Amino acid sequence: MGGCAGSRRRLSDSEGEYSCPPSWELLGLCNNFSYVVMLSAAHDILSHERTSGNQSHVDPSPTPIPDNSSSRFDCNSVSTAAVLLADILPTLVIKLLAPLGLHLLPYSPRVLVSGICAAGSFVLVAFSHSVGTSLCGVVLASISSGLGEVTFLSLTAFYPRAVISWWSSGTGGAGLLGALSYLGLTQAGLSPQHTLLSMLGVPAVLLASYFLLLTSPEPQDPGGEEEAESAARQPLIGTEAPESKPGSSSSLSFQERWTVFKGLLWYIVPLVVVYFAEYFINQGLFELLFFRNTSLSHAQQYRWYQMLYQAGVFASRSSLRCCQIRFTWALALLQCLNLVFLLADVWFGFLPSIYLVFLIVLYEGLLGGAAYVNTFHNIALETSDEHREFAMAATCISDTLGISLSGLLALPLHDFLCQLS
């Protein structure tokens, strides 16, 4: 995935894609990476043990609790939903405020802050000596991913619509690579602390992708092919050409923004429901879907759930060129059925094998990824050029709102079920 700043040409929307789009895929991958890793590490963050020295240590493969354990669910004192809330509430605040004034800040400083926060999150959690400090590191990861997502989705308004597919594929790849790398490195015997520190290169790749690989959008009416090629080769650093585009979100009145937002509800509501259901499962039920008849420890089971979910998300977020879905409300309905089924299993314990849960979790990820990429693709097709930047930024609130609601409800569920067990 080398640089293509000197060879890229912009194709028309009808042609569908860039000849060389690696920067958008890298941006999506790096932007969501820290967010995913923190969710994969949630069980470790809340159950870690301290050594007598200054180093934090989490046993990557703790011995499974015996069958005569007094707790049916092998509960932590705090639900992993607490990590979810720390990983999503700052993002929610950013996305709520973004349509009101974030466009006044140029893109480059936003990306720089995002990269610094991502690096800070890995360092803070790795060297943390308390759950509270670890959660502060998770908050930094949330700020990074939330600010980055609003920034880059807004930026897609100035490029051919095909970049949405590449961005979505990258974010799906972040989920798979983040969960798989955390699972693989800890399974190999590396401590979670060293695993997190080994990931510090990802924020550097994010900044390099934006400042070195990503090229400026071409002018609307270039003075000729040579001028257009020259403009296409200019990196975004040192110029904020998108900010000066006529008809951008900064020129929209409050009334126009409200009108556009009301029109987006057809897409926003199903995406909220999809993400509410799947993250209620991920951070509310995963830790309670504990099987004792397997060689995997509780922590390992949790990591496998996260990895398989992200694998499904990656596959479906990369499927836009093969399959497009117009009615995303159907995906919301199917995800709710998943939630009801797994909640019933947590209560009654009727599934005999963890491998059946593995299949359901993979399917859950497929639904979530498909809802995300198709929602933004449909918006890109159906909004006018002057409204698209605002529409993309405003719709970002959907997944974050659904995830936040799921975390708030998953906390009391955890306490209730663990008290019963």
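Residues 354–373 come first: the chain there is 100% helix and 0% strand. The end C-alpha atoms of that span are 29 Å apart. A helix here is a DSSP run (H or I, at least four residues), a strand is a run of E of at least two, and both are numbered from the N terminus.

A word on the model. It is predicted, so local features need pLDDT of at least 70, side-chain atom pairs count only at pLDDT 80 or more, and totals for chains, interfaces and linings use all residues. Residues are numbered from 1 along each chain as its sequence is written, and side-chain values use heavy atoms, with hydrogens and water left out.

Now residues 164–183. They are 100% helix and 0% strand, with end C-alpha atoms 28 Å apart. An unreviewed UniProt entry lists both 164–183 and 354–373 under "transmembrane region". UniProt positions follow the numbering used here, feature names are shortened, and annotations may be inferred rather than shown by experiment.

Next, Leu417. It is found in helix 15, residues 397–420. Is Leu417 buried or exposed? Buried, because its relative accessibility is 3%. Buried means under 20% relative accessible area, exposed over 50%, partly exposed in between (1.4 Å probe, protein chains only). Leaving aside neighbours within four places in sequence, Leu417 contacts Phe73, Leu288, Val346 and Trp347. Contact means heavy atoms within 4.5 Å. Leu417 and Cys75 are 342 residues apart along the chain, yet their C-alpha atoms are separated by 9.2 Å.

Last, cysteines. Cys336 is partly exposed, at 28%.
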